[in-house]
Amino acid sequence: MKRLVYLSLRAFTSLQQALRERLTAPGWAVLGAAALGAAAGIDTTQTVTYQAFTFLSVLLLVAFVSSLPGRARTDASRELPRYATAGEPFFYSVTIVNRGRASLAEASVVERFADPRPTFAEWLSTREPGERRRNPLDRALGYFRWQWCIQRRLPRRLEETRLPALAPGERVTVKMQMTPRRRGRLALESLTVGQAEPLGLVMRLSRVPLPARITTLPKRYAIPPLALPGRRKFQQGGVSLASDVGESDEFVGLRDYRPGDPLRKIHWKSFARAGKPVVREYQDEFFERHALFLDTGRAEGEDEVFEEAVAVAASFVYTIDTLECLLDLLFVGDKVHAYTTGRGQASAEHLLEVLAGLAPSGPAKFSEIAEVVRSRGARMSSSILVFVEWDAERRSLAESLLASGVEVRAMLVCRPEERPSDVPPWIAILHPGEMQAGLARLA
Amino acid sequence: MNFPPFLAGAAALFWGWQTGNLALGVLLAAALESARFTTLRFDLRETDHQRVADFCVVLFAGVVVLFFVTRGATRGVLSALQWLPVIIAPILLAQRFGRTGLIRVSALFYYVRRQVRRDPTLPDRLIDIAGPYAALLVLAAGTANTRGPGYYAGVLLLFGWALLALRPRHSRWFAFPLLFIAAGAIGYTAHVELNRLQSALEGWFDDWLVELPSDAQRVETRIGTLGRLKQHDTIAMRVFAPPSATPPVKLLHGASFNEYRKGTWLAHEPPFQFSAPQGAPARDLAIVLRMQRGNNLLPLPLGTIEVRGVPDLPAKVPPLGTVTFRGPGGWLRYEARYADSGGWYAPPGAEDLSVPAAERQALSGLAKALSLERDAPAQAVELLRRHFGDFTYSTWRDKAVPAGMTAMEDFLLHSKSGHCEYFAAATTLLLRTAGIPARYATGYALIDYSPLEEAWVVRARHAHAWSRAYINGQWTDVDLTPPSWPEAEAELRPPWERIEDLVRWLVYRLTTGDETGRAGIFVLVAVVLAAVIAWRFLRRRQAVRPKSAHAVNERTGEDSEFYLVEQALAARFRPRSRHEPLHRWCSEIETRLPADKRALFGKLADLHHRYRFDPRGLSRADRDALKSGAALFRTEEMSQ
């Protein structure tokens, strides 16, 4: 039965996609009128609207047949940015060349994406945010889950871009726009150049395969200028942790040679100039190291709370100047993950990419990450904790870090109606929809 | 997409012509196109468009309900669709007489409105609904069912007009007309064939699907069949009689049968010459029957001598008292005149004494045991009544008939439980075994009296079978089904039956009642509709209704004293130009003011902006500060 529903949904989405690509605005109007005519004229003895239905259906059929020959012959290329941001429009340029013998007039171009339909297993296992609140029929049919699975892989609805008339061999560059719905990856498959057939109901489509991918980073908020809590601490392994090559302790100055100094520390130029051995002097580097802990144990799945928590984490990653400090991003997926940015480590972009692909973990995995966070406490100058749920375990983690002397900046993202009553006042509460205002209060 | 001018008006004329409301069509066309001839426009906001659309939706819902109740499901929906363009015309008029000449999608659909409210980044386009509206007019015109070439020609003309105007210009000049004419020709053939196909399909399905409870020649009982007897709640007829604990007649006869063959009763009509009894006192019974399309049995009380109100009754009176007629469907009101004796029944013949060979042994044994043959017919009936008193009524059978036994034998000797068909068939055959002519009769029992309708409501599940015996020279109904059967039947009633009955009664009154009753129902529906609309509008108004004149000013800020300050400074420096925002003007003026006045001016401007645009308004203290500050500023300004 589930398989049957799945196949029906697949077929329905295919039909929807085909109609969206093929029908023009008058084509949709004719299709709608034909459907209404069919509904009202189901009994051909009661009304004559079936005559409108038959005519309009035939009209669409004729238009479809006439759209098959005479497709435009075009070449296309596009210049895409490497990254986009969820919810933010971005622009890119597309160049179209008319390779046909006839001029190309009243044509338009639109993107086509890789098949966004989930597999059967994916559809069954995915958790749609808020699905628990849907009625039993909706839950059983899984239509909204299906739609959610599809929408997360597609940007907001694209408008087709009109092309100016192109003479044979002529090329034109047009600016196109896209707004990703959510973080993750957008997989583009081809560019579709369309031109209406003579009745103006159905598009003649010609596809130019142009596969490409864009990474959509999580949306980010402006974090107020934070004096990040904490003090510099000696880092095990010295600056080698923060350096690409060799011994790169902090250079302090030159001093006279003392017996026992290694020969490799001799500064030969100064030795030549001064006539006595001079050595370079270094000192161990002390610097700040912050941990950014993102709670992924959201029972609701990838709902707005989870997305906002990721956005908060992304905002910190983007804002904290990792030339001056180290930042560890900790979260739990299939296992506990820790990424470090800073000198000689991964870049902030890398961390944002990681956050772009982040999925919620099972609520049970919180204890694993809590252990890891506690064990790193001694090395940390401060910890930034972003919670998506609130319970005794989370409270215990926050309080134990605080008790261990680590400076803690903690936030709980929750819906206003889910706000727990036992949150200590030093934990900032952030509500989806009011995130920017909430973050502004952190200053 | 520019919709061609005057097309909506032309579609309105077409609608008027097809539906027979030409004057209204002309009026509608004039209203729709009048926006082209006048520059008059209204400053309609989005909320105004939404209200117009909401009003039309509520109105349409009311009309659907009204038509549904008055004209039945199919005709009701089609009639509502026919009037839909007139009902929603205000939406298009509001669009055309609005400032932009367009309307937002969210104004039309509550769902979109809610989505946009939830996520303001969602697109909410401005659209022109003239195209879909014209298409709706064309489709609504079709529901009038005006046969002939006019409708199809109109569809071609109006859709052709629209598509011609919107066609792409890059194609060759002949491509559009060629394809359109081809589509028109194929479409014409297709709709003719579609009509024929439906007729053919109906013909095929009639043979298979239509049940004929109206068969006067044969009835197949469910004697011996496993499972539960199917019961339907539908009202089959209403028998009008003054309130009473007992019905005027207990049984309404539909058909009689005189030969039993393995669970099936057949009717063989003997030669018969009917003569009405002379001088017998007679009474009238008014019945309203729900007719089926095609053959119907006419339910009549025992002793019927005359029927009034049934068209096309057969000239020859059937000898078994079974009256059939062909009906068009709907309700039929008729009156039966019946006497205590006599009626339309042929005297008994040999068929009325025949007993199937398979049943004979068991029946003879029982008849002998009960001494039926030795008693007079009336006493025999009483003996049988006593005998069946030990039997139980049941519509459920879970055991098959034992091998080597007939269903009747099993009923009489073993199970002793069954529904009315068992009792009727057994009574008939036992009486025959005892030498008393008897027939198997089917029809309806009067059980359920409705004080609301002042009638006995006869439902499909009140269908009944009994025996009709020839006793003392006349046919008499003998119903030996246990008297508990109405209670058993009542247990099967759905809990919502009374509500259903109320709806059925409303439909019945509106479709068959006199003008007064119909008007009453119309008024009732109109009042409910008006109440819904009023509630909806008042609720909306309540949300924005000011509590006092002061509240109006508080919200809009039009009484802000800062305007007087502005006026004074405009005279001194320069007036604010027409499209210049106030804050820009203030910034400039502030720089030109003496230093000691800048702070006060800035504070007043800030208070004014909050007063004007902050949804929370000003606190009482701030409001007073604005008043007194503005007064002070003006005083100082005047003194200079």
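At 12% relative accessibility, B:Glu580 counts as buried (buried means under 20% relative accessible area, exposed over 50%, and partly exposed in between, with a 1.4 Å probe and protein chains only).

At 12% relative accessibility, B:Glu580 counts as buried (buried means under 20% relative accessible area, exposed over 50%, and partly exposed in between, with a 1.4 Å probe and protein chains only). Residues are numbered from 1 along each chain as its sequence is written, chains are lettered from A and ligands numbered from 1 in the order in which they are written, and side-chain values use heavy atoms, leaving out hydrogens and water.

- Elsewhere, A:Arg298, A:Asp303, A:Glu304, A:Glu389, A:Arg415 and A:Glu418 form one network, joined by salt bridges that share partners.
- Over all chains, the count comes to 54 salt bridges.
- In chain A, the side chains of A:Asp256 and A:Lys276 meet in a salt bridge of 3.4 Å, N to O.
- A:Asp256 lies in strand β10 (residues 250–256) of chain A and A:Lys276 in the loop between α7 (268–274) and β11 (278–283), so this pair ties together parts that are 20 residues apart in sequence. (Helices, H or I with at least four residues, and strands, E with at least two, are DSSP runs numbered from the N terminus.)
- A:Asp256 is partly exposed at a relative accessible area of 42%, and A:Lys276 counts as partly exposed at 42% relative accessibility.

**Where the chains meet**

- The contact takes 42 residues from chain B and 37 residues from chain A (contact means heavy atoms within 4.5 Å).
- About 3,400 Å² is buried between chain B and chain A, with carbon and sulfur atoms giving 70% of that area. (Buried area is the accessible area, with a 1.4 Å probe, that two parts lose on being put together, summed over both.)
- B:Leu139, B:His170 and B:Leu179 supply 18% of the area that chain B buries against chain A, more than any other three residues.
- How many salt bridges are there between chain B and chain A? The count is 1.
- A:Glu159 and B:Arg125 meet through their side chains in a salt bridge of 2.8 Å, N to O.
- B:Arg125 is partly exposed, with a relative accessible area of 44%.

**Around helix α3 of chain A**

- A:Leu61 is found in helix α3 (residues 49–67) of chain A and counts as exposed at 54% relative accessibility.
- Together with A:Phe64, A:Val65 and A:Leu68, A:Leu61 makes a nonpolar surface patch of about 360 Å². (Patches are made of residues with over 30% relative accessible area and no salt bridge: like charges are joined within 9 Å, and nonpolar side chains, Val, Leu, Ile, Met, Phe, Trp and Tyr, within 5 Å. Accessible areas come from the Shrake-Rupley method with a 1.4 Å probe, and for residues only the protein chains shown count as cover.)
- A:Gly70 lies in the loop between α3 and β1 (74–79) of chain A, and A:Gly70 is exposed, with a relative accessible area of 54%.
- A:Gly70 and A:Arg204 are 134 residues apart in sequence, yet 7.7 Å apart in space, C-alpha to C-alpha.

- Helix α6 (residues 143–151) of chain A has A:Arg145, A:Trp146, A:Trp148, A:Cys149 and A:Ile150 buried.
- These buried residues of α6(A) pack against α1 (2–22), α4 (120–125) and α5 (136–141) of chain A.
- Chain B has 21 helices and 20 strands, and 44% of its 640 residues count as buried.

**Confidence**

- Chain A averages a pLDDT of 85, and 90% of the residues score at least 70 (pLDDT is the predictor's confidence in each residue, from 0 to 100).
- Among the elements of chain A, α3(A) has the highest mean pLDDT (96) and strand β9 (residues 233–234) the lowest (50).
- Where pLDDT is low, the predicted coordinates should not be read in detail.

Methods
Predicted model: local features only at pLDDT ≥ 70, side-chain atom pairs only at ≥ 80, totals over all residues. Salt bridge = Lys/Arg side-chain N within 4 Å of Asp/Glu carboxyl O.
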